[in-house]
Amino acid sequence: MFTPKYPPQDTAPIPTAPAPTTYSPTPYVPAPAPVSNRPAVQLTAGSTLALVAGGSAAVLVVGTVLVSMLLAVAITAASVAVCAVTVRSILKSDRR
């Protein structure tokens, strides 16, 4: 009942090592980089204005989100502080 059960023996053939190749000490010369036929990117006045407007809009949106999150944290902290002072005064008046 408690004897181990081993899987059957593997019958796959043992791979043979390939024949060693001879070493030829030729220096490595990298191939030249391919030349692209695309023209370089040229910014026109309109595309520059669009980039500036898009970047400004992104900065304003991110700034608005961050400021609103900071404001939410500040309001929450103030309300927790008011609750703490109220609970403290209630507990202090019960002791008298």
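Good morning. The chain has a radius of gyration of 38 Å, whereas a compact globule of 96 residues would have one near 12 Å; the radius is taken over C-alpha atoms, and the globule rule is 2.2 Å times the number of residues to the power 0.38. This is a predicted model, in which local features need pLDDT of at least 70, side-chain atom pairs count only at pLDDT 80 or more, and totals for chains, interfaces and linings use all residues. Residues are numbered from 1 along each chain as its sequence is written, and side-chain values use heavy atoms, with hydrogens and water left out.

Along the principal axes, the C-alpha atoms fill a box of roughly 95 × 80 × 25 Å. Of the 96 residues, 0% count as buried, where buried means under 20% relative accessible area, exposed over 50%, and partly exposed in between (1.4 Å probe, protein chains only).

The secondary structure comes to one helix and zero strands; these are DSSP runs, helices (H or I) of at least four residues and strands (E) of at least two, numbered from the N terminus. Helix H1 spans residues 45-95 and contains Leu66. Leu66 counts as exposed because its relative accessibility is 52%.

Let us turn to the segment before H1, where Thr11 is found. With 75% relative accessibility, Thr11 counts as exposed. Thr11 and Thr26 lie 15 residues apart in sequence, and their C-alpha atoms are 43 Å apart in space.
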